Amino acid sequence: MELRHLEYFVAVAEERHFTRAAQRLMVSQSGLSASVRALERELGARLFVRSTRRVELTGAGQALLVEASRALASVRAGKEAVAAVQGLLRGTLSVGTEQCVTGVHVPGLLARFRAEHPEVEVRLRQAGSASLVEDVAAGRLDLAFVALSGTVPEGVRLVPLASEPMVLLCHPGHPLAGAAEADWAELGDEVFVDFHQDWGARGLTDRAFAAARTERRVALEVNDVHSLIELVGHGLGIAVVPRPIARKEQAAALCTVPLADAGEHLWEVSAALPDHQRTGPAARQLLAYLPSAATRPAPDSCPAPDTCRAPDTVPVPVHAAMTGPAATAATAAPASP
């Protein structure tokens, strides 16, 4: 079994397409297909189910993908370790991040690393924390900045960076606007905007409601912070978010309400790395920058307002944006100043 065969297999598995995989590897599609067929013959199993539009992994292919990714990561780490002994830092640094993490300014961190180590190719992938941690475990990422709310996979270690409480974000015309505090158990009848279940904040929120023995309805599920803020701004639902998201400039027209027992449900941001034996020199160098490079918020962050702004700063009028009981309450009485 050649490393080239494994590399080609992993590319097809990740792209789910032979043409795109060949373009990514800069090889001919016929050569790529021949390599995969040779690997299938050697293993005595089909690795892909092919169709005219895409390919899917078989059970054997899924099993091989985990080990092939780890094998390629180990080879890459070995090459980088030898270069490090020679005083060189080369190769590739693959970093993952969930959107709007706190405790680290990812663009600034990567910019500093690339300026000081121009021989290292920097790659970045943005996704939910659960997916990113799986990629670290499988060797597809060298390091990821995550807010993991579930179990840490075997072979992955977390380096804590920061923690923040969760808060309620709502339209200024919502009945909860201006409240001193909101109780998890009293929010069961509300319509929620929330992130995909892959996001750390979503898992944390789900567990908080489960602990309060309260069912909730997530009617609008998004994969983007700014989409969540805009949907809440149009009165389509409320959201439970980490406090840094409520402090973003785009959310300045909305109301932030503290949640009861917020200290029991903290949004914790960490750097996820492979175990010490598999952490490459480039990832260790990036991690070494964190004490000095990770303290500033992202450029579009801003302090959270103590009170709600007037409703006329929201994109659309309250009566046009909200429906149901919230709209009735909003039009019957003015919002708190």
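Is the crossing of H1 and H2 left-handed or right-handed? To settle this in the viewer, bear in mind that the model is predicted, and begin by selecting residues 3-15, which form helix H1, together with residues 18-25, which form helix H2. Two packed helices are described by the angle between their axes and the distance between the axes. For this pair, the axes come within 8 Å and cross at roughly 125°, which makes H1 oblique to H2. As for the opening question, the crossing of H1 and H2 is right-handed.

The backbone deserves a check here: phi of Arg16 is near 55°, a positive value in a residue other than glycine. Arg16 has a relative accessible area of 25%, so this residue counts as partly exposed.

For the last stop, select helix H7 (200-211) and strand S8 (217-222), and then pick out Arg213 in the loop between them. Arg213, which is not a glycine either, has a positive phi of about 55°. How exposed is Arg213, by relative accessible area? The value for Arg213 is 82%, and because exposed means over 50%, Arg213 is classed as exposed.

Definitions and conventions:
Residues numbered from 1 in each chain as written. Predicted model: local features only at pLDDT ≥ 70, side-chain atom pairs only at ≥ 80, totals over all residues. Heavy atoms only, no water. Axes fitted to C-alpha atoms, helices over the stretch in contact; angles between N-to-C directions. Helix = DSSP H or I, 4+ residues; strand = E, 2+ residues; numbered from the N terminus. Parallel < 35°, antiparallel > 145°, perpendicular 65-115°, else oblique. Left-handed = near helix turned anticlockwise from the far one by under 90°. Buried < 20%, exposed > 50% of the residue type's maximum accessible area, 1.4 Å probe, protein only.
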